[in-house]
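This report concerns one protein structure, shown below.

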Amino acid sequence: MSALRKIAAALALAGSLALPAAAQEARPNNDDMMESPPVAAPREGYWADVLAHDPTMIREGDTWYLFVTGPGITVYSSKNLETWKAEPPVFARIPAWAYDIVPKFNGHVWAPDISHHDGTYYLYYSISSGGRNTSAIGVATNSTLDPADPAFEWVDHGIVLRSVPHRDMWNAIDGNLVEDEDGTPWLAFGSFWGGLKLVKLREDRLGLAEPQEWHTLAKRARSILTDDAEPEPGAIEAPFVFKRDGWYYLFVSWDHCCRGAKSDYRIMVGRSHTLTGPYLDRDGKRMDQGAATEVLRGTARWPGPGHNSAYSFDGRDYLVFHAYDVQDGGLPKLKVLSMQWDAEGWPVVDAAALR
């Protein structure tokens, strides 16, 4: 199929699946997004009001590309980090293996993570369903993010790792690619259960390195008597590692997403001089023993800020996340805030942006 035909087919799918929110009729509060995830109605041009869950971004040339949870992975582009337009979704057709791993998979691909290495873009993504660790993280690659480029083509490489109920005390979702001080690739990931993990990847970044090396990054209290298939308690997920001034900062989300105005997500952080940890909070307590320092919590206007990523562009640092819009049926919306640092080197964002 020619590049133009691929683009046309993808745009046809994106027209109904991957555009910003405004025109759609929202179910009041949208408080069960695991089972009934919101999908934005078609809208032309650039918009500041963007429907987005689990946002991650990268810049290619003068364009920022935003990847978010959605049918086939929703994609937006921007020239200024303020207004966004819809691009074709990553997958016009969901990889067949997804339904083998998660029979109840609904087509909404979760928690994309985009990175670039040696001329190739790597997009990690999660296949799962709510409340179960029947999950897998896959990876797709592309040489460009510009759909108009003749070389544009997403190639799926399948499963990087998977989790199985009653076998694994971790959940294979919410992957984040990060390099250590030697440039070795690792994948941070996890949700609920036994917390957030870190596993070393092969040099090609498409699978796990052998012999395998695993670490626990962060977790919350959970009784050993809890059924291994149950996610609760221990509500922690969405690791994102940001490097600055010799520190690795581990951002995580505590509590619960996906409940619209009832969501109580909040963004937490700890830091370490080594990628593998231990990560400590502001008081020197370990994140793998239940500690963390709060960065941002929700407000009556914008509850549930979380599943963040963090970036440096042109000398400025940004915290990127979603929060739930109580004035629009509790729909998840994109937030891009300037991130500052206090005298002790801890991240600070202006909470007034959520008022």
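The paragraphs below describe the pocket, then the disulfide, then the backbone.

The model is predicted, so that local features need pLDDT of at least 70 and side-chain atom pairs count only at pLDDT 80 or more, while totals for chains, interfaces and linings use all residues. Residues are numbered from 1 along each chain as its sequence is written, and side-chain values use heavy atoms, with hydrogens and water left out.

**Pocket**

The largest pocket has a volume of about 640 Å³. A pocket is here an open set of points on a 1 Å grid over the protein atoms alone, where a 1.4 Å probe fits, with protein on both sides within 12 Å along at least five of seven lines; lining residues have an atom within 4 Å of a point. Grid points are joined across faces, edges and corners, and the volume is the space filled by probe spheres set on the points. The lining comprises 45 residues, of which Met33, Met34, Trp110, Cys257 and Cys258 lie nearest the centre of the pocket. Strand 3 (70-71), strand 4 (74-78) and strand 6 (108-117) are the elements that give two or more residues to this lining; strands (E, at least two residues) and helices (H or I, at least four) are DSSP runs numbered from the N terminus. By residue class, the lining holds 23 nonpolar (Ala, Val, Leu, Ile, Met, Phe, Trp, Tyr, Cys and Pro), eight charged (Asp, Glu, Lys and Arg) and 14 polar residues (the others, Gly among them).

**Disulfide**

One disulfide (a pair of cysteine sulfur atoms within 2.5 Å) is found in a search of the whole structure. Cys257 and Cys258 form this link, with their sulfur atoms 2.2 Å apart. The link is left-handed, with -70 degrees about the S-S bond. Cys257 counts as buried because its relative accessibility is 11%, where buried means under 20% relative accessible area with a 1.4 Å probe and protein chains only. Cys258, at 10%, is buried as well.

**Backbone**

Most residues other than glycine have a negative phi, and most peptide bonds are trans.

| Cis peptide bond | Omega | Loop holding the proline |
|---|---|---|
| Glu210 to Pro211 | near -5 degrees | between strand 12 (196-200) and strand 13 (214-218) |
| Gly277 to Pro278 | near 10 degrees | between strand 16 (266-272) and strand 17 (293-297) |

Asp54 is not a glycine, yet has a positive phi of about 60 degrees. Asp54 lies in the loop between helix 1 (3-17) and strand 1 (56-60), and is buried at 10% relative accessible area. Ala111, in strand 6, has a positive phi near 45 degrees. With 1% relative accessibility, Ala111 counts as buried.

Notes: Buried means under 20% relative accessible area, exposed over 50%, partly exposed in between (1.4 Å probe, protein chains only).
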